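Take a look at the sequence and the 3D structure below. After that, we'll walk through the chain as a whole and then stop at a few residues.

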Amino acid sequence: MRLLVEPKFDLYVDVITDEAKKCKDVIQLQWGELASVPPDRVKNFFVEAFERRLTRYTLPHGDLELRRVLRKKLADKNGIRADVDNIIVTIGGTAAINFVFRILAGDGGYIVIQDPSWFGYPGIARYVGARIYRIPENEYSYESLENAKKEIEKKGGTLRIIVMNYPSNPTGHVFDVSTMKEVVEFARDHDVLILSDEAYEDYVFAGKHISIASIGGLDNIVSVFTISKTYSFTGLRIGYAVGPKEIIDAMALAQVHTYISPPSINQYVARRLLEENIAKEIVKENIKLLKENLRIVKEFTEKNGWEISEPKGGIYAFIRLPGIDSVEFSLKLLRYEKVAVAPGADFGDCWKDWLRITIAKSKSELLEGLRRIEKQYNLTTCTKPRG
């Protein structure tokens with residue numbers, strides 16, 4: 001039997017996570033999960049949902065009441081004006097990205113992503129039949145996109161989607177307004193979609209998060225958001241997207257033929273999280289922790305002569321350890337020091353001596369993880385053959 005998808009993990013971080021879950025006392029710095037948890041009162045929302053008998057399918061676009069609350073959030077917080085018909089609720093932001101890639105580029109179309117970039121983009125692209133073209137994230141511009149389009153056409157391909165992730169994973173890069181305007185202009189001129197991935201919208205270290213759709217409108221932009229990061233609630237699996245009605249409707253069709261609709265109880269809980277403005281108390285404490293932990297990481301990397309990509313937001317530190325092979329090093333780090341990290345090789349071919357660690361852990365856990373990384377690095381570089 002011939003399979004179109006190879007039945008094994010296609011990312012080293014997945015292999016490392018699989019092994020880490022089988023071991024005890026592993027410091028897990030590889031995944032984007034915040035150390036904090038939602039307040040205890042959130043458990044009452046699940047009971048409320050059950051008591052209201054919200055145990056059935058919802059609309060393929062998602063629960064109408066939740067979408068009304070999201071419309072208000074998008075207007076008040078993101079400056080995005082939309083109708084409920086422009087909004088879809090999905091199982092996490094990842095599902096929304098999957099659907100967009102599938103319906104616009106699943107026939108072999110090209111998707112521009114940042115370099116380095118979250119490993120989910122090329123992974124999803126391979127799964128749905130799309131292709132990837134990378135541009136260094138600090139070089140996004142009208143000219144660079146035009147050059148990319150020409151290169152893609154030389155290969156016989158067509159540019160369909162430009163991904164913008166900000167604050168980005170893994171570097172914490174944030175696009176400035178002038179760059180956003182150039183990308184919007186290019187997208188309009190060439191009828192290309194911008195997929196704006198704003199999962200880390202609440203974790204900007206200086207200034208205010210600006211959504212590109214507040215500048216360019218909805219015509220050529222689908223913006224994707226998630227409950228996971230804002231509310232420290234990755235297990236709730238609720239994300240949402242806003243964009244042109246035609247694309248949102250196509251995403252709803254993909255959704256109904258994948259899993260009908262997101263879980264009704266989880267959608268109710270997401271609505272209550274938004275209505276009660278629980279993000280305010282969670283985000284404030286998380287930002288404080290992230291800034292303090294970033295300071296610790298920067299001091300540690302400076303002491304060791306390592307390089308760090310200075311994040312402007314997000315929940316990660318992307319660190320270069322000269323002379324390592326990130327995959328080999330990460331596997332040894334897990335085996336001998338019981339620390340799990342994400343190898344730089346997962347983020348692009350140019351990042352094989354880099355590691356991504358989350359800074360959203362307790363200070364003590366992060367410090368111990370850094371000490372063990374330092375120990376393994378010293379052993380690795382001291383035992384390498386010379387000459």
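At 56% relative accessibility, cysteine 350 counts as exposed. Cysteine 23, on the other hand, is partly exposed, with a relative accessible area of 38%. (Buried means under 20% relative accessible area, exposed over 50% and partly exposed in between, using a 1.4 Å probe and protein chains only.)

How many disulfides does the count come to? It comes to 0, where a disulfide is a pair of cysteine sulfur atoms within 2.5 Å.

## Where the numbers come from

This is a predicted model, so local features need pLDDT of at least 70 and side-chain atom pairs count only at pLDDT 80 or more, while totals for chains, interfaces and linings use all residues. Residues are numbered from 1 along each chain as its sequence is written, and side-chain values use heavy atoms, with hydrogens and water left out.

## The whole chain

The protein chain has 14 helices and 13 strands. Both are DSSP runs numbered from the N terminus: helices are H or I with at least four residues, strands are E with at least two.

What about overall size? With 387 residues, a compact globule would have a radius of gyration near 21 Å, and the protein chain agrees at 21 Å. (That radius is taken over C-alpha atoms, and the globule rule is 2.2 Å times the number of residues to the power 0.38.) Along the principal axes, the C-alpha atoms fill a box of roughly 65 × 55 × 55 Å.

## Inside and outside

Buried residues make up 57% of the 387 residues in the protein chain. Its accessible surface comes to about 17,900 Å², and 50% of that belongs to carbon and sulfur atoms; the areas come from the Shrake-Rupley method with a 1.4 Å probe, and for residues only the protein chains shown count as cover.

Now for contacts, meaning heavy atoms within 4.5 Å. Among those between residues at least 6 apart in sequence, 75% join residues at least 24 apart.

Start with lysine 73, which lies in helix 3 (residues 64-78). Is lysine 73 buried or exposed? It is buried, with a relative accessible area of 12%. Leaving aside neighbours within four places in sequence, lysine 73 is in contact with Asn78, Glu201, Phe225, Tyr240 and Leu274.

Next, find glutamate 368 in helix 14 (residues 363-382). Glutamate 368 is partly exposed, at 29% relative accessibility. From C-alpha to C-alpha, glutamate 368 and isoleucine 27 are 8.3 Å apart in space, though 341 residues apart in sequence.
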